[in-house]
Amino acid sequence: MDKNKLFKLHGEYVMQNYAPYPIVFDKGEGSLLYDSDGKEYIDFLGGIAVNSLGHNNKDVTKTLCKQAKKLLSCSNYFINESAVLLAKELIKGTHFKKVFFCNSGTEAAEAAIKIVKKYNNDKNTGAYKFLSFTNSFHGRTVGALSATGQDKYKTAFAPLPDWFEFAPYNDADALEKIIKKPEISAVIMEFIQGEGGVIVPSSDFISRLGLLLKKYKKLLIADEVQTGAGRTGNFFAYESAGLKPDILITAKGLAGGIPIGAVLTNEKLSGVLKPGDHGTTFGGNPLSTAVGLTVTKIIKNKNFLNGVAEKGNYLKNKLSELKKKYAFVKEIRGAGLMVGMELSPSVSARSLNEKFLDRGLILIAAGSNTLRFLPPLIIKTEEIDKAISIIDGVFGEIKVL
Ligand SMILES: Cc1ncc(COP(=O)(O)O)c(C=O)c1O
């Protein structure tokens, strides 16, 4: 259909809660996308950290087609093989014991909140609150939104549940003041804040957090919706932090583009949910878990993860060269292929999105005036080079007053 006609219909029939760019993507191959006019783009957004193995990945499509011919869905009144095998694969080599499947990151956050609440109710601890961080993002459903530390997502929906208190990220002293309160049951945190602008916690903060969790006997929920499934060069980002979360939530890249969410629990929390306590119609369906299993096996391979870390370092080095060249580049940060480039306030990162798109690069700003790099984990160094030269071209035209 003609693009303009399609946009007109979109305006007429689809709720306008997004502000889409005037592009319709038609197909993808690896880290490249093609729009309806046949124009090629290098994809440094990856569906916001979703297309972990790139577009039209042969293993993903093979599993998808094979499973689609066998069984799409069967309800949770019955079990299915791929959900069981994916659960086993996810917890293999970790301290986690059990998995709950759902369909998205926000749903995984809701399930984690409910598990902690029930754990405390079962034990009559009286603890019903959580500590979250300013600038965090945990999702758009009511519980996850309440946990989110950014007012711009929340104000329109106030009043929200008051179960969340917020401490500044990276400030261990402020953290202690809240974590020690008896009503606080758990801390929910991203090991790198994604939507907030790729903010990396300091190692000092992480080790103080570990000590405080032990001292005050609080639970830790790791939100690895964005950092999980190999994004940072480890399968999960917590692995390099030396902490063992009680619950981990993950989603986005776990099934390479098919909707999925997962909640992993340790021994203490694995038996909290009893039949009827929680559920979701589509969670753990044979299709998403079959693809999730294929994706997880590929990404968990040490060589694959090393490749992510290497390409991430390559990207960061290239971006650091641009930092030397352009004074308005403030900072490069991140891990693996989750990288942010913060610009000084003299240049609006958001205003550059369209310029990059014009030149065939999908690179979108997030949080604190930061360009966010989330390419497929299979991106090639030549594609990184090409993206860098596009960025260099756009930066070269910026006139800073
Ligand atoms: C850290 C984090 N948690 C939760 C979510 C919510 O995930 P979803 O959009 O799949 O509901 C996101 C989405 O960006 C996220 O980045």
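1. First, the ground rules. This is a predicted model, in which local features need pLDDT of at least 70 and side-chain atom pairs count only at pLDDT 80 or more, while totals for chains, interfaces and linings use all residues. Residues are numbered from 1 along each chain as its sequence is written. Helices (H or I, at least four residues) and strands (E, at least two) are DSSP runs, numbered from the N terminus.

2. The ligand shell. The ligand is surrounded by 14 residues, and the closest are Ser 104, Gly 105, Thr 106, Gly 139 and Val 225. Here a residue is near a molecule or strand if its C-beta atom, placed from the backbone, lies within 6 Å of it. Helix α5 (residues 105-123) gives the most to this shell, with 3 residues. By class, the shell holds 7 polar, 4 nonpolar and 3 charged residues. In this scheme Ala, Val, Leu, Ile, Met, Phe, Trp, Tyr, Cys and Pro count as nonpolar, Asp, Glu, Lys and Arg as charged, and the others, Gly among them, as polar.

3. Helices α3 and α10. The axes of α3 (58-70) and helix α10 (residues 286-300) come within 9 Å and cross at roughly 150 degrees. Axes are lines fitted to C-alpha atoms, for helices over the stretch in contact, and angles run from 0 to 180 degrees between N-to-C directions. The two helices α3 and α10 are therefore roughly antiparallel to each other. For the angle classes, under 35 degrees counts as roughly parallel, over 145 as roughly antiparallel, 65 to 115 as roughly perpendicular and the rest as oblique. The crossing of α3 and α10 is right-handed; a crossing is left-handed if the near helix is turned anticlockwise from the far one by less than a right angle, and right-handed if clockwise. On the α3 side the contact is made by Asp 59, Val 60, Thr 63, Leu 64, Gln 67 and Ala 68, and on the α10 side by Pro 286, Leu 287, Ala 290, Val 291, Thr 294, Val 295 and Ile 298. That contact has 9 nonpolar, 3 polar and 1 charged residues. Two residues are in contact if their C-beta atoms, placed from the backbone, lie within 7 Å.

4. Helices α8 and α9. The axes of α8 (residues 172-179) and α9 (residues 203-216) come within 10 Å and cross at roughly 20 degrees, so α8 and α9 are roughly parallel to each other. Their crossing is right-handed. From α8, Ala 172, Leu 175, Glu 176 and Ile 179 meet Phe 205, Arg 208, Leu 209, Leu 212 and Tyr 216 of α9. This contact has 7 nonpolar and 2 charged residues, and no polar ones.

5. Helices α11 and α13. Helix α11 (residues 302-325) and helix α13 (residues 381-396) have axes that come within 11 Å and cross at roughly 20 degrees. These helices are therefore roughly parallel to each other, and α11 passes α13 in a right-handed crossing. Lys 311, Tyr 314, Leu 315, Lys 318 and Leu 322 in α11 meet a set in α13 that includes Ile 384, Ile 388 and Phe 395. The contact divides into 7 nonpolar, 1 polar and 3 charged residues.

6. Two loop leucines. Leu 254 is placed in the loop between β9 (247-250) and β10 (261-265), and is buried, with 32 other C-beta atoms within 10 Å. A residue is buried if 20 or more other C-beta atoms lie within 10 Å of its own, exposed if 12 or fewer, and partly exposed in between, with C-beta atoms placed from the backbone. Leaving aside neighbours within four places in sequence, Leu 254 has contacts including Gly 228, Ile 260 and Val 295. Leu 72, in the loop between α3 and α4 (81-91), counts as partly exposed, with 13 C-beta neighbours inside 10 Å. Not counting residues up to four places away in sequence, Leu 72 touches Asn 285, Pro 286 and Leu 287.

7. Backbone points to look at. A cis peptide bond joins Ala 158 and Pro 159, with omega about -5 degrees; Pro 159 is in the loop between α7 (151-154) and β6 (164-167). Asn 124 has a phi near 55 degrees, a positive value in a residue other than glycine, and is exposed, with 7 other C-beta atoms within 10 Å. Lys 217 has a positive phi near 50 degrees and lies in the loop between α9 and β8 (219-224).
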